[in-house]
Amino acid sequence: MKPRSPASLLSCLCVVALLVVLAAPALAQPQLNEIRTDQSGTDNDEYFELIGTPSSSLDGYTYLVIGDGSGSGTIEEVTDLTGLTIPASGFFVAAEGTFTLATPDLTTDLNFENSDNVTHLLVSGFSGSNGQDLDPDDDGDLDITPWTQIDDCVALIETVGSGEETYCATTNGPDGTFVPSHSYDCPAGWEIGAFAPLGTDDTPGTANPCVGVTSITLNEIRTDQPITRADGSIDGGGDDADEYFELAGTPLASLDGLTYLVIGDDGSNFGFIEEVIGLTGSMIPASGFFVAAEATFTLGTPDLVTVLNFEDTDNVTHLVVSDFSGSLSDDLDTNDDGTLDVTPWSQIQDCVALIDDAGAGDATYCATTIGPDVATAPGHVFQCPSVWMIGTFSPVGTDDTPGAANNCAGAPVEIFDIQGSGTASPLNGQAVTTNDNIVTAIGVDGFFIQTPDSRDDLDPDTSNGIFVFTGSAPTVAVGDQVDVTAEVDEFFEFTELTSTPVITVDSSGNTLPTSIVFDSTRPSPDPNTPSCAVEFECYEGMRVSLDMAWVCSGNQEFGTDPIAEVFISAGDRCFREPGVEFPGLGMAGIPVWDGNPEVFELDPDRLILSNRTINGGSMISAEGVIGFDFGDYEIWPTSLTIFPEPLPIPVRARRDAEEFTVGALNLFRLFDDVDDPGTEDDGQVATTVEYLRRLGKFSIYIRDVLDSPDVLAISEVEKLGVLQDLAAQISTDDPLVLYSAELIEGNDVGGIDVGFLVRDSVTTTMVTQLGAAEILTFDGSLLHDRPPLLLEAEYTGGPSNFAFAVMANHNRSLSGIDDAGSGPRVRQKRLEQAQSIAQKSQDFQTNNPLVPLVVVGDLNAFEFTDGYVDVVGQMTGDIDPSENLLSGPDLVDPNLTSWSVRLRPSHDRYSFNFNGNSQVLDHALSSRVAGNFVSGFLFGRGNADAPENLIDQNGTALASSDHDGLVLYLSMNPDIFADGFESNDTTAWTNTTP
């Protein structure tokens, strides 16, 4: 189990600013409201939006962006707002001259960074300058604060834990693995908006599209105030100068068409309208709280001055209705049975009944009730999450908060109110009490509780579960009903109840809340139609179950957790698919890969179960809860059944002496235990124990899993001496398997090369390094880090000699391909490398038309386009330029054949696993003449699906590398369909199978 990480230290100034924002939600100053930092294409529509009091001045305010520059804490954007005002709409928009979504209030240059972690701030009294480094020691604390006050801020996160510092406690993101390109503020916290199509939920100049907050609700009511009698006692009957009601709603929302009503009695009959306050022409102020009061009001400045004759005895019902058509004193309950016979409105927006005597027989007309206050109607009430509270009666103003957030400290709340519908709890940092919830799972340092089914809010966007952090072994049991008082904390984005929680057990042995079933449709596999507003966040802390789910990868390994999480999918096993990862490039024709959003993690021993190594390809059934750790949502199981996939799965043996094999294997940066001078090995030196262990593991894998290929193309090996050591280890382990090593040093700054192990059944004619001096046109650097290596040889192990050639390759990786800075170079290099290899393959076919050519290796590319460049398509000559951002000419004729596509069914096309997504990176291609002799193709399973920690285990082939090796079979007398299917494939197939 991973230890709890220490909380990052925030600058004192940012913390103080956050506390100011939390403590004073009324907008005394403008606040950040919406930001777009990126779009597909040219970024014409970047903007930021402030919300504030209409017509208020922005003098003295400055909009800043703090990013990384030469180091963390560098000011990247300065927009001075002096001389400007918030328009009548209440929304101020700043954008560039190319802006198409609205008419901005300020046209200016915005150079918003759309990668890395950045902090956007609104400050007062700015005295600094653009490019200034405010955090010279890059420790995450601002050493220089050239302003008098931070008025609002939000940090946009690309990567959690990347080391890129942020300078605001309020955060938003990441959006998958990207910084959110569109962000907007809602009452529950900042939300991630749509990236594309542009304008989907962008609302510059109008209210944000916050789900569930557009309605107007009753928020606070005072119907009475005290009088001190001659004997010193306190009672009602004062002059009621401070009666008021307060509504809550979306800032600047119109109240047109709404009416405030009070329904009571006429002394003997029920259902009479006692108060009518028309609200047309009014609006919710920027604070979000609308106050109506009499002219004698002393507790603040009301938004509406009117006459209020609130009854402070008997049971009465307060309502906000739409389209009222009745009149004062109308009798709406003509038969006094407690049911309204007349409803002169189109809709009740909200209501609450204030109770004087629950058994008096006075009717009420709302299911929500509050009171009595001992034996009288409550003189002051206010709404908190999930519950109305009786406020202090005397002295007036003790916890009255007209125009501001209610004093809800200590009011019981439901778990779903704590969780909210956004990415963070709306109550973060506050003390809360939540009662009568059920313990669902127990860990070593806390436990999970969940709302009983009977109180489920039925909102798919809010979670009903939460983790209670106790810091030591909990004293509760599964099934206990408990009350918890604690502080809400977003611990590295995982919502917890913490700070020495006070826990009371009410009862035991209760039925557990129903678990959420994860299956092929939930979590949604389509990022365009998620199962809920924020996928996985809406299940955080809740019970879940899954039946026969795929394990998409073996256990990960971390320094503190050598047998860590596995990636799983409740639907199908997840494979990489064509295109740019969602949201894509927004360009017609270029495919978009959905990113497999349904993939998540399972940590076997995070709670009470013992740890288990689990192979990729296994199936599991489990029950547990959804936790969050190191930036990822995980199932923490309470029960787990594994249906293991056996490993290793070796390739088949050669059918006869006429069949020989060409293989390829990435050795996962195999370095020896000698520190070579200079930068030859880039400082990568193994211990002697590690080096000998890895040589032994590779020997087993090559012999037992790959069946000792006649030619084995090698990538990621340090030097010829290391390859010779491997050949010697193999012959020591099996004297009948004799290899010679071939390697020519390349250009890789990390010290890795390509080479060959050539078995004594093959006679080498020539080994040639190709293109070592070729230049990348993008910047004039060398094109090939690991230049292709061409082996020309004869197979001599059969009845006659057979001439052939093998080209070993290791292309530039995908790392950085999506990055705004390095991406263009990465894409161009991958294209030019592919074209270079394609030309070399074509040259060989042209010059040696009768010699079979096999092109193998770690191409760091899929069998289809990644949307930027179709590397394999360029190399085979099968390319569709319309599906690629970059494309070159078709250089190959006749085309090469990709055998992973031609001879493996779709479920067996992978050699590597990245974040649970299986993918082909290692390929065997061949010329048309070589294709006449191909008799099979297989991957040797034992690496891509193996738990990572097995790399440290002696005596096993498993996890010798992070790539599975491949074997291509060639026969002088090929009969590829002799079996109907490959001998280690469990699914029969024919030559029509894709």
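**Close-up views of a predicted model**

**Figure 1. An aromatic cluster.** One aromatic cluster is formed by Phe518, Phe536, Tyr539, Phe600, Phe628 and Tyr633. The model is predicted, so local features need pLDDT of at least 70 and side-chain atom pairs count only at pLDDT 80 or more, whereas totals for chains, interfaces and linings use all residues. Residues are numbered from 1 along each chain as its sequence is written, and side-chain values use heavy atoms, with hydrogens and water left out. Rings of Phe, Tyr and Trp (its six-membered ring) pair if their centres lie within 6.5 Å; planes under 30 degrees apart are called stacked, those over 60 edge-to-face, and the rest tilted.

**Figure 2. The pair of Phe494 and Trp636.** In the whole structure, 26 aromatic pairs are found. The ring centres of Phe494 and Trp636 are 5.7 Å apart and the planes stand at 70 degrees, so this pair is edge-to-face. Phe494 belongs to strand E29 (residues 494–507) and Trp636 to strand E37 (residues 632–643), so that distant parts of the chain, 142 residues apart, are linked. Helices (H or I, at least four residues) and strands (E, at least two) are DSSP runs, numbered from the N terminus. Phe494 and Trp636 are both buried; buried means under 20% relative accessible area, exposed means over 50%, and partly exposed lies in between (1.4 Å probe, protein chains only).

**Figure 3. The pair of Phe536 and Phe600.** The aromatic pair of Phe536 and Phe600 is tilted, with 5.5 Å from centre to centre and 55 degrees between the planes. The pair links distant parts of the chain, 64 residues apart: Phe536 is in the loop between strand E30 (516–518) and strand E31 (543–551), and Phe600 is in strand E35 (residues 600–602). Phe536 has a relative accessible area of 6% and is therefore buried. Phe600 is also buried, because its relative accessibility is 3%.

**Figure 4. Charged side chains over rings.** The charged end of Arg606 is placed over the ring of Trp636, 4.0 Å from the ring centre. Arg573 lies over the face of Tyr910, and here the distance to the ring centre is 4.7 Å. A charge sits over a ring if NZ of Lys or CZ of Arg is within 6 Å of the ring centre and within 35 degrees of the ring normal.

**Figure 5. The largest nonpolar core.** This core has 33 residues, and those with the most contacts inside it are Phe448, Phe518, Ile568, Leu602, Ile620 and Ile635. A nonpolar core is a set of buried Ala, Val, Leu, Ile, Met, Phe, Trp, Tyr and Cys residues joined through side-chain atoms within 4.5 Å. Among the elements that give two or more residues to the core are strand E27 (465–469), strand E32 (566–569) and strand E36 (619–629). Ile568 touches, among others, Leu546, Trp550, Phe600, Leu602, Ile620 and Ile635, not counting residues up to four places away in sequence; a contact means heavy atoms within 4.5 Å. In soluble globular proteins, nonpolar side chains tend to be buried together.

**Figure 6. Strand E31 and its partners.** Two strands pair if DSSP finds at least two bridges between them. E30 and E31 run parallel and are joined by 3 bridges, with Ile516 opposite Val544 in E31. E31 and E36 run antiparallel and are joined by 6 bridges; Arg543 has Val625 in E36 as its bridge partner. E31 also pairs with E32 in the antiparallel sense, over 2 bridges, and Val551 has Ile568 in E32 as its bridge partner.

Figure 7. Strand E44 (residues 802–810) and strand E45 (residues 853–858) pair in the parallel sense over 6 bridges, and His810 stands opposite Asp858 in E45.
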